Amino acid sequence: MKQPRSTQRYRPRENLFERTLVAEILKLVREHPRYGYRRTTMLLRQAGWQVNHKRIYRLWRQEGLKVPRKQRKKRRLGHSENACHRLRAESPNHVWSYDFLHERSEDGRPLKLLTVVDEFTRRSLTIEVRRSFTHLDVIDTLIGLFHRWGTPRYIRSDNGPELIAEKLREWLTASQVGTLYIEPGAPWENGYSESFHSRLRDELLNGELFYSLQEAQMVVEDWRREYNERRPHSSLGYQTPAAYAARFQANSGPPALRPPESLDRMNINPGLS
């Protein structure tokens, strides 16, 4: 035929396994458009696929998938002794952090989210969504969390007016909870809350429209449960926060529970806001 052998090729056979795998990858990408290939690999393994990250990366590039990320400038670590890089959590309920995040519903009315995170397990303990908060609302939320998860040794926050209120500080002191207030204008010292807020906004808030307060509460709670129970966390070795906490408690036993101080004894009524 006078055809050079170097120009002849076999027609490639279709790999049915990879075609099925790509379909599953695209399904996960539609559900979680902000996940990268490593976190997608862990979700596939959770679903029973025997794959490694190299194959997923090759298919990821083949399909033209990409998660753009902003390059952020580095900031100084700060000098406060209450910063998260100086006083680190050593066990569950050692250090919690809480903060507020602001959003708006479709009608332009404000939504305010109170997030509470256990810094050791990275577990989201609650995301309370309301139109507004007072320090009494914060106390009411913390009482429910203390009864469910136990009382932390420290709680870290910025200097927002709801979080430095005198009644709140008195109640935390009576409940034997130390307060760790970061330096004003240094949000990176409360890094766990800031990182959690970044994930919450990137994976949920930036892609959702809320038409009512009730809808926002329901959607945010669904995301919180997925974050705790299904979403692999890179800093935990791609375990979920719930699985990491369960494994730690299985090895060391559950944390000791201390009841919070009663509001009645302190003459505080959470219903008055």
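This briefing covers the overall make-up of a predicted chain and the pairing around its strand β2. The model is predicted, so local features need pLDDT of at least 70 and side-chain atom pairs count only at pLDDT 80 or more, while totals for chains, interfaces and linings use all residues. Residues are numbered from 1 along each chain as its sequence is written, and side-chain values use heavy atoms, with hydrogens and water left out.

**Whole chain**
- The chain holds eight helices and five strands, taken as DSSP runs numbered from the N terminus (helices H or I, at least four residues; strands E, at least two).
- The order of elements from the N terminus is α-α-α-β-β-β-α-β-α-β-α-α-α.
- Of the 273 residues, 44% are buried, that is, under 20% relative accessible area (1.4 Å probe, protein chains only).
- Among contacts (heavy atoms within 4.5 Å) between residues at least 6 apart in sequence, 66% join residues at least 24 apart.

**Strand β2 and its partners**
- Strand β2 spans residues 110–118, and eight of its nine residues are buried.
- Strand β1 (residues 95–104) pairs with β2 in the antiparallel sense over nine bridges, pairing requiring at least two DSSP bridges between two strands.
- Leucine 101 has leucine 113 of β2 as its bridge partner.
- Strand β3 (residues 124–130) also pairs antiparallel with β2, over six bridges.
- Valine 117 has serine 124 of β3 as its bridge partner.

**Hairpins**
- Five residues lie between β1 and β2 in their hairpin, where glycine 108 takes a positive phi near 90 degrees.
- The hairpin of β2 and β3 has five residues between the strands, and arginine 122 there takes a positive phi near 65 degrees.

Technical notes. Buried < 20%, exposed > 50% of the residue type's maximum accessible area, 1.4 Å probe, protein only.
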